[in-house]
Structure formats: structure tokens, C-alpha cells
Amino acid sequence: MQLSQRACGVRPSATLKTGQQAAQLRAQGVDVINLSVGQPDYPTPAAIREAAVTAIRANQVNSYTATAGTPALREAIVQRLKESQRVDVTAEQVVVTTGAKMALYALFQTLLDPGDEVLLPAPYWVSYAEQVKLAGGRPVEVAPTATLKVTPEQLSVAVTAATKAIVLNSPQNPSGLVYTAAELQAIGKWAVAHDLIIIADEIYGELVYDGPVPVPSMLTLGDEIAAHTILVNGVSKTYAMTGWRIGYAVGPVNVMTALKNGLSHMTGNAAAVSQAAAVAALTGDQAPVAKMKEGFKQRLDVVYPLLAAVPGFKLTTKPQGAFYLFPDVTAAMAMKGYTTTDDFVAALLNDAHIAVVTGEAFGLPGHIRLSYATDLDTLKTALQRLKSFME
Ligand SMILES: Cc1ncc(COP(=O)(O)O)c(C=O)c1O
């Protein structure tokens, strides 16, 4: 059967692929440590799970809900954004989706015409470029600075008459870096001056260990910037709810209406039971979030110096958020005789039995992404293996 050109052009998600390779090796009896995963290793807090069970028992989740989400969840999102990040929006501006991934996919479908360009400052999350292509748009990589944070000067080199939007992700996957309010404001003003849409992916916004808390949301940096911004967020990372698939977009009502219309033909509503669970997450006790955050911080504090001490691994700054480290490994590759990052990553998997993700997938070869969303003992063993491999 002949596939569409669109489908042929799509690369599979590198993070999911590496995870599968690790699982295959494990099934063969190899003791692989998987540091490729992009999800918290904590269980979903008990109160959230209970809320879902209660909703099922009361037969409250058997029907379709409104495409944009239940009124209770849209209101819970409004309140949580207000409390956590001082973002002031109405429920009409909120559309609930099947994970933040679907919010992004559906947004590109809603906003892009064929040939429209979207600026992606490297390193960027694996799905942006493929989603832009699936919408007929053209992803435009913006080369990284030494700090891995993009600047207006660099964006000015990449912008063309066809540029429609820019995707900004802070805290950033894969580097864990967090933009300051001043840095975001400078980029926001630049985007406003070029009349671009800012897609602000703030999915790791609550997971910040060292820096301004709450992390500045693009929606709080002035009316003009807010009017150009569409926020993307979700419950996956903050509440250890990746499998529940609840994300959301927040933006101008006309865009949200178009987004909702598109979604009504794609997924319809996000799973009703997951929406009930998300209401419990957002409106309930936030102590479990603080506890998970403390756990991530502890791990970062242990793992960062260990990783920085591995021969050939370079980390210019300590990450401040999310749960990833993204070292420059060009020196390590040269020491071991590898010319491509993919080959180096394959050797780490096959020889050192550590699964990590290649920087190629994030638009930045010569780097690898390690997730520290796993327990400290496992992390220490992994770092020891890495060190032995390099020595
Ligand atoms: C930067 C970023 N954005 C969006 C997502 C999507 O999250 P979800 O679809 O689980 O809500 C992820 C997940 O890995 C991510 O890392």
C-alpha cells in the first residue's frame, strides 16, 4: 500500500524508540538501566487515583464530555494557573486535550498553512518538528548559543516573511534550563515586533529546583506578549500522570474555538475519567507535588556533579528544572573514537548497558539526554557504569 508523503516524512519519536530498545535488551536478560524515559517514576498521588475510582463507581464518566473539556476541569485549570503562576485567564480560553502532545499537534493543524515556518530554538523537544511537518509547515531550527538559550539576535537571523510562530519551552526538555523573566520578555517583545505567535510549552513549569518560583509564564509578561501567546501545559509531569493523557492549551478565544472545532473531529474529548482525575489533581492538596519536587532536586544535586566528573562530558550550567541533563559529549565521542552521536548512544546501550537519548533527536548532535526520573541508587550505578565506560 502506498503511504502518504506526509507519513513517509515522519521520524518515530526517538525517546520512545530508545525506551523500546532498552526494554528489548531487558527481555533478553541484559541488566539495562533506562535513563531515556521522560516521565516521573513516582506513582500518581493516591487522592487522584481515588477520585478516578469514585467517578467510575458513581458512573459519572461513561459519556462524551464537551470537546473542550468538562466545565469543572476548565475552571480547575483557570484556578490553578492563577494560584501557581499568577496567570489570569477565563475558562473560555482553555481547551483540554489528550495530553499536551495533542494540544501541540492540534495547534499546528489549527494555525499553519502549507509553507508556514515555525522557529524551533535548538535544542527542542522531539515532537515539535514532526508535528509542524504533519501540519504542512516548515520547522526552522535556530542554532543554539553556548548557554543553550535562544536570544532575539539569533532569532532575527532565522526569521523570514514566511515565519508564523515560535515554540518556546521553559523549563526546557532536554536541557533542564529555565529562562529568566527578562530573557523571556526580550524574546516576547521580539516576537510581538515580528507579529509572530508564541507557543509557550510550560509543561515543566512546576518542576523548578533552583531559580525563580513560580517560573515566569509567558502569559504574565505584559498584555502585548500575552495577546500573542498560546500556553501549552498539562498534568503529566507535575502530578506523575503521563498515562492519564490530560493536557491543555490556553489562548485567544478565536484560536481556542478553531482548536476545539478541529479536535471535535480528531479525538473528541479527552477521556472523561482522566478529566475527573485531573480535577482532583489541580484542586486537591498540592503537598505530593512538593514532595516529588524535593525528590527530583535531591537526585539532581547528587547526579549533576557525578556526571560533570565523567571524562569527556561537559555541562556548562547546572540545570534548574524538569528532570533531564543534556551534556555535551563531543570530547567523550572523540576519546572513544565515535563520529556520530547515534553510534555513541548505541555503544552506551550495548556496552555500558545505559539507555540515553541521542541529541540528534533534539536538533543538537554531540549531546545526549539523560533523565534522572529514577531512584538514587540506580542513578549512582548508572553514573558508575558511565565512568567505567569512559575510563
Ligand atoms: C517539552 C514537552 N512538551 C510536551 C510534552 C507532552 O506531554 P504530555 O503529552 O504527556 O502531556 C512533553 C513530554 O515529554 C515534553 O517533554
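A salt bridge here is a side-chain nitrogen of Lys or Arg within 4 Å of a carboxyl oxygen of Asp or Glu. To see one, select Arg 11 and Glu 130, whose side chains meet in a salt bridge at 2.9 Å, N to O.

Before going on, note that this is a predicted model, in which local features need pLDDT of at least 70 and side-chain atom pairs count only at pLDDT 80 or more, while totals for chains, interfaces and linings use all residues. Residues are numbered from 1 along each chain as its sequence is written, and side-chain values use heavy atoms, with hydrogens and water left out.

Next, colour domain 1 (5-43 + 288-390) and domain 2 (46-283) separately; such bounds come from an automatic or database domain assignment. Their C-alpha centres lie 25 Å apart, and the contact (heavy atoms within 4.5 Å) takes 34 residues from domain 1 and 36 residues from domain 2.

Now show the surface between the two domains, where about 3,000 Å² is buried, 59% of it on carbon and sulfur atoms; buried area is the accessible area (1.4 Å probe) that two parts lose on being put together, summed over both. On the domain 1 side, select Lys 293, Gln 320 and Phe 362, which lose the most area to domain 2, together 22% of what that side buries.

Finally, turn to helix 12 (287-308), a DSSP run of H or I with at least four residues, numbered from the N terminus. Helix 12 gives the largest share, 6 residues, of the side of domain 1 that touches domain 2.

Key. Helix = DSSP H or I, 4+ residues; strand = E, 2+ residues; numbered from the N terminus.
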